[in-house]
Amino acid sequence: MEAPLFCISREKEGTAMIKLENVNKYFGDLHVLRDVNLEVKEGEKLVIIGPSGSGKSTTVRCMNFLEEPNSGHVYIDGEELTHRNKTQLVRRTTSMVFQQFNLYPHMTVLKNLVLAPMKLHHKSREEAEELAYHYLDVVGLREKAHVYPTTLSGGQQQRIAIARALCMQSKIILFDEPTSALDPETIQEVLDVMIKLAKENITMVVVTHEMGFARQVADRVIFMADGQILEEGTPDQFFENPQNERLKTFLGKIIRK
Amino acid sequence: MAGLFSANAWNKVWIYRGTFLMGLKNTVISAGFGLLLSLCIGMILGLFATSGKKPLAAIARAYVELIQNTPLLLQMCFLYYALAFSGHSLGILVTGVLSLGIYHGAYVAEVVRAGIEAVPKGQFEAAFSQGFGYLGRMTYIILPQSIKVILPPMVNQVVNIFKNTSCLYIVGGADLISITYSFVTGENTGGAYAPAYLVSGLLFFIVCCPLSSLASMWEISLKKREDRSGRMDRKRSERVA
Ligand SMILES: Nc1ncnc2c1ncn2[C@@H]1O[C@H](COP(=O)(O)OP(=O)(O)O)[C@@H](O)[C@H]1O
Ligand SMILES: [Mg+2]
């Protein structure tokens with residue numbers, strides 16, 4: 001953590017954009033998150049890695065109340081996320097990119113992109129479409145504006161999903177294994193878009209198994225297993241000099257793969 | 001007993017054709033307003049059932065079970081006679097509309113529920129994560145996708161509600177079946193059983209057959225489209241692991 005002394009020059013720099021405080025989550029008897037504490041600063045790129053079933057998705061989904069913690073607190077941009085304010089706060093602050101894209105199949109790509117800006121942010125059609133085309137350019141798919149999502153490849157669908165998330169113009173984007181459902185040959189095009197994004201001041205939380213990506217863009221990496229954060233550090237510390245035994249084993253497996 | 005080939009019997013039916021058409025009109029009216037009511041009830045209960053709120057889902061479940069597991073005839077009699085004896089007679093048309101609406105509302109509720117549940121969970125999550133509230137989620141994202149699942153069985157419901165107007169005969173209705181029955185047992189008109197029931201059946205068939213053909217054609221084309229995009233849909237509906 002940086003010393004607060006250096007942060008006073010830029011107003012909000014260093015303040016927590018996301019904060020999980022003693023978060024516990026159960027699915028029935030299964031204790032999925034065990035007292036998780038985590039802070040993500042504004043503009044920070046946080047990568048979460050860990051074996052499957054370790055609670056990575058649940059952690060990220062608690063950040064926008066797709067899962068409601070059984071105990072503990074979630075703060076987004078300084079405000080506690082509660083059952084009452086979830087819709088409003090999530091709308092204002094976070095957007096999410098899913099493993100399965102979850103584009104709306106009954107709408108064209110352009111409609112997918114302008115829906116929320118028009119219906120939720122009350123933008124005019126012109127404004128919303130301008131925004132949509134801007135982000136379609138960012139992901140390099142302007143020419144697909146008028147096709148239906150299911151006609152696109154997985155990689156293209158995910159890039160559209162990223163564009164849709166960007167159209168929300170939220171401060172935080174959550175990615176839950178955005179490349180895990182993709183054919184290998186389309187993974188890189190999605191990672192390239194995310195690397196481009198990482199250069200912006202947007203706060204990113206990314207669950208991924210792409211270690212190259214983690215090294216390249218992460219400010220900080222955390223390792224989860226059994227619903228706990230077992231190690232946390234900069235990519236260099238993390239990959240060059242891992243401390244935790246389970247992390248060492250995990251990295252060994254991933255890298256051999 | 002006037003048989004199928006009695007010109008006299010056919011003539012009788014022809015003379016009273018206005019009566020049959022009147023019966024058809026009453027049947028259409030009862031079925032039409034009953035359908036509207038059943039759509040309202042079914043929509044609300046279908047949304048209750050999929051709301052994820054236990055008390056609301058329980059209300060929907062209880063209604064559906066209660067209505068689907070008792071005969072329509074009994075419900076009609078209850079509505080008509082029980083209320084009549086307590087001094088609040090509803091009249092035959094209102095009884096028809098209410099009982100048909102209540103009865104088919106249970107089936108529509110199940111159709112709506114199935115339609116909503118057919119939409120992959122990821123669609124709800126995407127909508128929620130964009131900040132859509134319940135109404136926005138349903139209006140823009142979920143229901144437009146449910147509608148193609150809902151429509152074919154809904155058309156079948158229209159056919160069923162139309163045929164079920166015949167139950168109104170038990171409370172002395174003025175629908176097509178009741179009228180036919182009065183006709184064949186009437187003092188002046190009695191006896192022309194075969195022609196009367198043939199005509200009556202033909203009228204039902206003319207209305208119902210196009211509708212149910214439409215429903216099954218719809219279903220077949222839906223299946224075809226699903227098979228084509230099946231791979232995509234399966235991928236999308238897998239739970240985020
Ligand atoms: N909706 C759910 N119902 C029941 N169990 C769940 C649900 N979601 C996740 N789990 C369980 O919680 C654990 C953590 O899941 P998850 O957060 O998805 O892990 P990860 O993303 O690290 O693979 C797993 O054991 C998973 O089976
Ligand atoms: Mg996961």
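This is a predicted model: local features need pLDDT of at least 70, side-chain atom pairs count only at pLDDT 80 or more; totals for chains, interfaces and linings use all residues.

Student: In what order do the strands of the open sheet in chain A lie?

Tutor: Start by counting: 4 strands of chain A form this open sheet. Their pairing is antiparallel. Read across the sheet, the order is β2-β1-β4-β5.

Student: Which strands are the edge strands of that sheet?

Tutor: An edge strand here pairs on one side only. Look at the two ends of the order β2-β1-β4-β5. The edge strands of chain A are β2 and β5 (79–80).

Student: How many bridges join β1 to β2 in chain A?

Tutor: Find β1 at residues 16–27 and β2 at residues 30–41 of chain A, running antiparallel. You can check partners as you go: A:I18 is bridged to A:V40, and A:K25 has A:L33 as its bridge partner. The number of bridges joining β1 to β2 is 8.

Student: Which residue in the turn of that hairpin has a positive phi?

Tutor: Follow the two strands to where A:F27 stands opposite A:L30. The hairpin of β1(A) and β2(A) leaves 2 residues between the strands. The phi in question is about 60°, and the residue in the turn that has it is A:G28.

Student: Over how many bridges do β1 and β4 of chain A pair?

Tutor: β4 covers residues 71–76 of chain A, and its pairing with β1(A) is in the antiparallel sense. One pair to look for is A:E21 with its bridge partner A:H73 in β4(A). The number of bridges between β1 and β4 is 5.

Student: Now the ligand: between which chains does ligand 1 lie?

Tutor: Begin with its surroundings, where 13 residues surround ligand 1. The closest are A:G53, A:G55, A:K56, A:S57 and A:T58. Although these carry the letter A, ligand 1 lies between chains A and B.

Student: What share of the area of ligand 1 does the protein bury?

Tutor: Taken alone, ligand 1 exposes 560 Å². Of that area, the protein buries 71%.

Student: Which element gives the most to the shell around ligand 1?

Tutor: Two or more residues come from each of β2 and α1 (56–62) of chain A. By type, the shell divides into 5 nonpolar, 6 polar and 2 charged residues. With 3 residues, the element that gives the most is α1(A).

Student: And which element gives the most to the lining of the largest pocket?

Tutor: The largest pocket holds about 920 Å³ of space. Among its 23 lining residues, those closest to the centre are A:K86, B:S51, B:G52, B:F128 and B:R137. Two or more residues come from each of α2 (86–93) of chain A and α5 (92–117), α6 (121–129) and α7 (134–164) of chain B. With 4 residues, the element that gives the most is α6(B).

Notes:
Residues are numbered from 1 along each chain as its sequence is written. Chains are lettered from A and ligands numbered from 1 in the order in which they are written. Side-chain values use heavy atoms; hydrogens and water are left out. Two strands pair if DSSP finds at least two bridges between them. A residue is near a molecule or strand if one of its heavy atoms lies within 4 Å of it. Accessible areas come from the Shrake-Rupley method with a 1.4 Å probe; for residues, only the protein chains shown count as cover. Ala, Val, Leu, Ile, Met, Phe, Trp, Tyr, Cys and Pro count as nonpolar, Asp, Glu, Lys and Arg as charged, and the others, Gly among them, as polar. On a 1 Å grid over the protein atoms alone, a cavity is a set of points where a 1.4 Å probe fits but cannot get out, and a pocket is an open set with protein on both sides within 12 Å along at least five of seven lines; lining residues have an atom within 4 Å of a point. Grid points are joined across faces, edges and corners, and a volume is the space filled by probe spheres set on the points.
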